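The following paragraphs lead the reader through a structure, from its overall architecture to selected residues. The sequence and the coordinates should be kept in view throughout.

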Amino acid sequence: MCDDAQICFAEVVAGSAAWLSRGLSCVCAQRRESDARPSFDLTPSEEECLQRLQNRIDIAYDSSIPEHQEALRALWNAVFPEEELHGLISEQWKEMGWQGKDPSTDFRGGGFISLENLLFFARHFPKSFKDLLWKQEGDRSAWEYPFAVAGVNITFMLIQMLDLEAVKPRTMVGAIFLKFLSENESAFDLVYCIAFKLMDRQWLAMCASYMDFNTVMKATRHQLEREFLLEDITRLEELPSYSLLTL
């Protein structure tokens with residue numbers, strides 16, 4: 001048993017990058033050379049939308065780039081509008097659920113798009129965002145998941161679930177998502193918000209603690225995949241879990 005929750009958590013995740021490699025590798029679908037997966041033809045519009053999203057995914061977070069610095073400040077200001085940020089490296093970031101005082105070390109696994117996802121969530125669904133950040137719903141565990149780092153992991157999970165690094169989607173879920181993306185350029189960001197809220201709902205339903213994070217993520221992914229495959233779903237807003245979001 002660990003005497004210190006922070007030390008114990010560090011052994012499990014050892015920062016975001018380790019969490020991704022040791023944790024989500026078993027959450028997300030493993031790729032095997034023997035897998036024979038179909039591919040789905042894309043319309044020119046879908047190909048263009050996929051390429052733009054892949055370009056976003058390929059951008060690593062770089063703390064020396066002014067645009068990335070401004071996005072990080074914008075995230076702080078969206079969440080703590082009345083509290084001055086003392087610097088991009090500050091103990092204040094721990095209030096948002098980063099592992100340390102420098103959020104850039106936690107972006108390694110998810111890239112710049114994981115910051116964009118958090119910022120989109122904070123701006124478009126501020127109530128849901130803050131409910132999750134402050135753990136305001138349900139009976140909570142004594143050792144909760146760190147909000148921001150969990151967000152980076154959700155970005156990574158969705159990239160794998162939707163097979164977004166492939167030239168063409170090789171799953172029905174991926175193909176359906178590209179239909180949504182061709183009609184809504186913010187579809188990935190919106191799925192992220194839905195997934196984050198759904199993950200917290202699963203967390204509460206399972207009475208989870210930090211050691212259960214992988215199990216919760218598996219359940220979240222499976223539920224999302226089921227909802228994508230429901231009949232008569234033509235827009236992301238029609239997914240059952242979309243109703244969990246509040247402005």
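Helices (H or I, at least four residues) and strands (E, at least two) are taken as DSSP runs and numbered from the N terminus. Read in this way along the sequence, the protein chain follows the pattern α-α-α-α-α-α-α-α-α-α, with 10 helices and 0 strands. The model is predicted: local features need pLDDT of at least 70, side-chain atom pairs count only at pLDDT 80 or more, and totals for chains, interfaces and linings use all residues. Residues are numbered from 1 along each chain as its sequence is written, and side-chain values use heavy atoms, with hydrogens and water left out.

Two totals describe the chain as a whole. Of its 247 residues, 50% count as buried, where buried means under 20% relative accessible area, exposed over 50% and partly exposed in between (1.4 Å probe, protein chains only). Contact means heavy atoms within 4.5 Å; among contacts in the protein chain with a separation of 6 or more, 70% come from residues 24 or more positions apart.

One helix pair may be examined in detail. Two packed helices are described by the angle between their axes and the distance between the axes. Axes here are lines fitted to C-alpha atoms, for helices over the stretch in contact, and angles run from 0 to 180 degrees between N-to-C directions. The axes of α3 (residues 44-57) and α8 (residues 172-183) come within 9 Å and cross at roughly 90°. Helices α3 and α8 are therefore roughly perpendicular to each other, given that angles under 35 degrees count as roughly parallel, over 145 as roughly antiparallel, 65 to 115 as roughly perpendicular and the rest as oblique. On the α3 side, the contact involves S45, E46, C49, L50 and L53, which meet F177, L178, K179, L181 and S182 of α8. The residues of this contact divide into 6 nonpolar, 2 polar and 2 charged; Ala, Val, Leu, Ile, Met, Phe, Trp, Tyr, Cys and Pro count as nonpolar, Asp, Glu, Lys and Arg as charged, and the others, Gly among them, as polar.

C49 of this contact is buried, at 4% relative accessibility. C193 is likewise counted as buried, at 0%. The structure holds 0 disulfides, a disulfide being a pair of cysteine sulfur atoms within 2.5 Å.

S114 is found in helix α5 (residues 112-124) and is buried, with a relative accessible area of 0%. A polar atom of its side chain lies 2.6 Å from the backbone oxygen of G111. Leaving aside neighbours within four places in sequence, S114 is in contact with F107, V152 and T155. D106 lies in the loop between α4 (66-79) and α5 and is buried at 1%. The side chain of D106 reaches the backbone nitrogen of Q99 at 2.9 Å.

Most residues other than glycine have a negative phi. K135, in the loop between α6 (126-133) and α7 (147-161), has a positive phi near 50°, and at 17% relative accessibility K135 counts as buried. D163, in the loop between α7 and α8, has a positive phi of about 55° and is buried at 3%.

Note on methods
A polar contact is a pair of N or O atoms within 3.5 Å; within protein, one must be able to donate a hydrogen and the other to accept it, and residues adjacent in sequence count only if both atoms are side-chain atoms.
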